[in-house]
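I opened this notebook to record what I looked up in the structure, entry by entry. The entries follow the order in which I went from one contact to the next.

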Amino acid sequence: MSKDNDMADDSILSNAQSGNQKVTETLIKQYTSLVEAVASKYTSSPMEYDDLVQEGMIGLLAAIKSYDESRGAGFKTYASVCIDNSIQTALRKFYRQKDIPMQNFVEYQEEEISQHRVSISAEDAYIAGESVSLLSKVLRENLSDFENEVLRLHIVGCSYNEIAKRLSKTPKAIDNAIQRIRRKLSSKSF
């Protein structure tokens, strides 16, 4: 990239950092191939390529927001590092989830659940209904249709393999969707 392009990028970046959404979208389109190139280095990882690209896009957005030209690095170099770091962080989280021993999980038997049922007042029932309504709204606004369907099937007790079969996806795609759902919902308060 020439010095003139760097100066043009710096001008575009300052507009994006000021909150100009159209400029941010232009930068994302301009650097999508960079994200894909960095993600392609990790195709032998257990994460799907689309998930790697998605994580790389998160790194690109972080680079756009935090880039400081006074530090001496060009934006493309800085963005590459941010994209790579974002993908590596996602891979570390992925591997940590795989290392959780199964003995840490407790299975509930249906009889145990039904023994602990308690009747609730009309007021509590109304509050619970409002909470469910709020949760439904948050799910619709933050999850894709696919993620909502995966979550619905997961909640009713379908295994990853059953969900994958019903939705014509791989169990790995289902696991990745569950991880995205957890990330998206962890920052929400109910």
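**Entry on charged pairs.** I began with Glu 55 and Arg 183, whose side chains meet in a salt bridge at 2.7 Å, N to O, a term that stands for a side-chain nitrogen of Lys or Arg within 4 Å of a carboxyl oxygen of Asp or Glu. Glu 55 lies in helix 3 and Arg 183 in helix 9, so the pair ties together parts that are 128 residues apart in sequence; helices here are DSSP runs of H or I with at least four residues, numbered from the N terminus. I noted Glu 55 as buried at 6% relative accessibility and Arg 183 as partly exposed at 35%, where buried means under 20% relative accessible area, exposed over 50% and partly exposed in between, with a 1.4 Å probe and protein chains only.

**Entry on the source.** I am reading a predicted model, in which local features need pLDDT of at least 70 and side-chain atom pairs count only at pLDDT 80 or more, while totals for chains, interfaces and linings use all residues. Residues are numbered from 1 along each chain as its sequence is written, and side-chain values use heavy atoms, with hydrogens and water left out.

A search of the whole structure gave me 7 salt bridges. One of them joins Arg 180 and Asp 51 at 2.5 Å, N to O; Arg 180 is in helix 9 and Asp 51 in helix 3 (residues 49–66), so this pair ties together parts that are 129 residues apart in sequence. I found Arg 180 buried at 11% relative accessible area, and Asp 51 buried at 8%. Another bridge, 2.7 Å from N to O, brings together Lys 184 and Glu 147, which sit in helix 9 and helix 7 and are 37 residues apart. Lys 184 is partly exposed at 27%, whereas Glu 147 is buried at 2%. Through shared partners, salt bridges join Asp 51, Glu 147, Arg 180 and Lys 184 into one network.

**Entry on Glu 147.** I then asked which residues Glu 147 touches, not counting those up to four places away in sequence. With contact taken as heavy atoms within 4.5 Å, I listed Asn 142, Arg 180, Ile 181 and Lys 184. Glu 147 itself belongs to helix 7, which covers residues 145–155.

**Entry on rings.** I counted 3 aromatic pairs in the structure; rings of Phe, Tyr and Trp (its six-membered ring) pair if their centres lie within 6.5 Å, and planes under 30 degrees apart count as stacked, over 60 as edge-to-face and the rest as tilted. Tyr 31 and Phe 75 are edge-to-face, 5.1 Å centre to centre with 75° between the planes, and this pair links helix 2 (residues 21–40) to helix 4 (residues 75–98) across 44 residues. Both Tyr 31 and Phe 75 are buried. Tyr 67 and Phe 75 are also edge-to-face, at 5.3 Å and 85°, and Tyr 67 is buried at 10%. Ring pairs link Tyr 31, Tyr 67, Phe 75 and Tyr 78 into a cluster.

**Entry on a loop residue.** Most residues other than glycine have a negative phi. I noted that Ser 168 has a positive phi of about 55° although it is not a glycine. Ser 168 is in the loop between helix 8 (160–167) and helix 9 (171–186), and counts as exposed at 68% relative accessibility.

Methods: Helices (H or I, at least four residues) and strands (E, at least two) are DSSP runs, numbered from the N terminus.
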